[in-house]
Amino acid sequence: PLVLGIETSCDETGVGIVRGRTLLANAVASSMDEHARFGGVIPEVAARAHVEAIAPTIERAVADAGVTLTDLDAIAVTSGPGLAGALMVGVAAAKALALSLDVPLYAVNHLVGHVGADVLQGNGLRETHGTVGKLELPTVALLVSGGHTSLLLVRDLVSDVEMLGETIDDAAGEAFDKVARLLGLPYPGGPHIDRVAAAGDPQAIRFPRGLTRPKDLERHRYDFSFSGLKTSVARWVEQREAAGEKIPVADVAASFREAVADVLTAKALAACRDLDVPRLLLGGGVAANARVRALAAERADAAGVELRVPPLALCTDNGAMIASLGAQLVSAGAAPSTLAFGADSTLPVTTIRA
Ligand code: ATP
Ligand code: MG
Ligand code: FE
């Protein structure tokens with residue numbers, strides 16, 4: 001089926017078009033620059049930017065794909081989780097399209113969409129930057145971005161997704177952004193920490209690994225916590241500054257990045273081992289992190305686990321992943337959503353299609 005997917009859960013206005021598993025277009029407009037001076041995404045600013053970007057981004061995707069709107073078999077849209085005002089823009093646009101074209105509409109879960117990105121092929125994307133071949137199930141999926149840090153068990157993409165654990169405070173990407181700010185690096189901080197950390201010693205400072213003590217593991221085996229780490233980095237830097245010492249920025253960045261990569265990959269691979277699942281899928285903007293990727297590859301290799309990382313353009317928020325999940329719902333014969341659905345900022349991952 002030819003499906004157009006719309007994603008507006010955070011700061012990316014994403015419109016993707018797929019034909020089955022083949023990616024035809026992936027148009028993305030981001031309001032990231034507008035949030036830079038605040039050091040984080042401002043919901044109202046993001047929602048207004050979506051209003052401005054949605055129509056041109058749909059037009060761009062349709063042109064890139066070389067199709068016409070009347071060719072479409074279905075529309076898919078992120079209905080949650082995410083920022084309520086931002087989600088509403090995509091939901092309204094998707095309803096308008098589906099109604100006017102008289103095609104079925106699928107309201108889907110953003111997190112499950114990230115997993116759906118993995119099965120896409122074509123446009124040279126997968127061939128050059130991503131893992132190849134069919135996604136076998138079940139798989140464990142580690143989704144890490146500025147808004148979420150979740151560990152999922154995916155048994156069936158259209159019918160059976162379970163939340164194993166998630167962050168109990170900050171998302172991993174949020175921690176990257178906050179620590180970058182602390183070190184005087186620009187927003188969004190993830191790529192800058194990555195760059196600076198390359199010249200640092202990851203063992204220079206032993207920052208805490210959240211929720212990894214035996215007592216924590218009893219209740220929070222697959223959960224994450226990054227606010228203690230962020231505070232620990234802040235305290236370390238403040239103490240040196242108060243003493244008039246120069247901050248070894250590269251060492252702090254490398255040690256912080258190591259702490260995040262260590263805990264993310266350790267818990268993800270623990271899940272693979274505990275549940276006897278020989279596959280791990282990475283997604284979200286933090287999957288771009290060089291150390292997260294390297295440590296995941298190293299540990300997956302040692303554990304005999306297949307590591308899958310979609311091309312980066314499909315890891316960060318985009319409409320193609322939503323279109324992909326929509327296409328799979330169509331192919332599986334899933335019933336479309338009724339127009340009664342709205343934006344649901346806390347949509348649970350077990351609700352794949354609202
Ligand atoms: P959502 O949480 O809804 O998916 P988002 O906009 O936060 O929304 P993404 O666009 O997927 O999600 O990811 C952005 C986040 O990824 C930012 O926090 C950014 O700092 C982080 N990031 C990007 N590149 C890297 C990197 N190389 N290392 C670490 N973090 C990175
Ligand atoms: Mg983003
Ligand atoms: Fe996301």
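According to UniProt, in an unreviewed entry, the feature "binding site" falls at Leu143, Val144, Ser145, Gly146, Gly147, Asp177, Gly190, Asp194 and Asn289; such positions are given in the numbering used here, with feature names shortened, and annotations may be inferred rather than shown by experiment. The model is predicted, so local features need pLDDT of at least 70 and side-chain atom pairs count only at pLDDT 80 or more, while totals for chains, interfaces and linings use all residues. Residues are numbered from 1 along each chain as its sequence is written, and chains are lettered from A and ligands numbered from 1 in the order in which they are written.

Ligand 1 is surrounded by 24 residues, of which Gly146, Gly147, Gly173, Gly190 and Gly285 are the closest; a residue belongs here if its C-beta atom, placed from the backbone, lies within 6 Å of the molecule. By class, this shell holds 13 polar, six nonpolar and five charged residues. In that scheme Ala, Val, Leu, Ile, Met, Phe, Trp, Tyr, Cys and Pro are nonpolar, Asp, Glu, Lys and Arg are charged, and the others, Gly among them, are polar.

Helix H6 (172–182) and helix H7 (189–197) each give at least two residues to the shell, and H7 has the largest share, four residues. Helices (H or I, at least four residues) and strands (E, at least two) are DSSP runs, numbered from the N terminus.

Gly190 is found in H7. Gly190 counts as buried because 27 C-beta neighbours lie inside 10 Å; the cut-offs are 20 or more other C-beta atoms within 10 Å for buried, 12 or fewer for exposed, and in between for partly exposed, with C-beta atoms placed from the backbone. Neighbours within four places in sequence aside, Gly190 is in contact with Gly173, Phe176, Asp177, Gly285, Val286, Ala288 and Asn289, contact meaning C-beta atoms, placed from the backbone, within 7 Å.

Gly147 lies in the loop between strands S6 and S7. Gly147 is also buried, with 21 other C-beta atoms within 10 Å. Residues up to four places away in sequence not counted, Gly147 touches Cys10, Gly82 and Ala171.

S6 (residues 139–144) pairs with S7 in the antiparallel sense over six bridges, where pairing requires at least two DSSP bridges between two strands. Four residues separate S6 and S7 in a hairpin, and Val140 stands opposite Leu153 in S7. S7 also pairs with S8 (residues 160–166), antiparallel and over six bridges; three residues lie between them in a hairpin, and Val154 has Val161 in S8 as its bridge partner. Six of the eight residues of S7 (residues 149–156) are buried, so S7 is largely enclosed by the rest of the structure.

Notes:
Contact = placed C-beta atoms within 7 Å.
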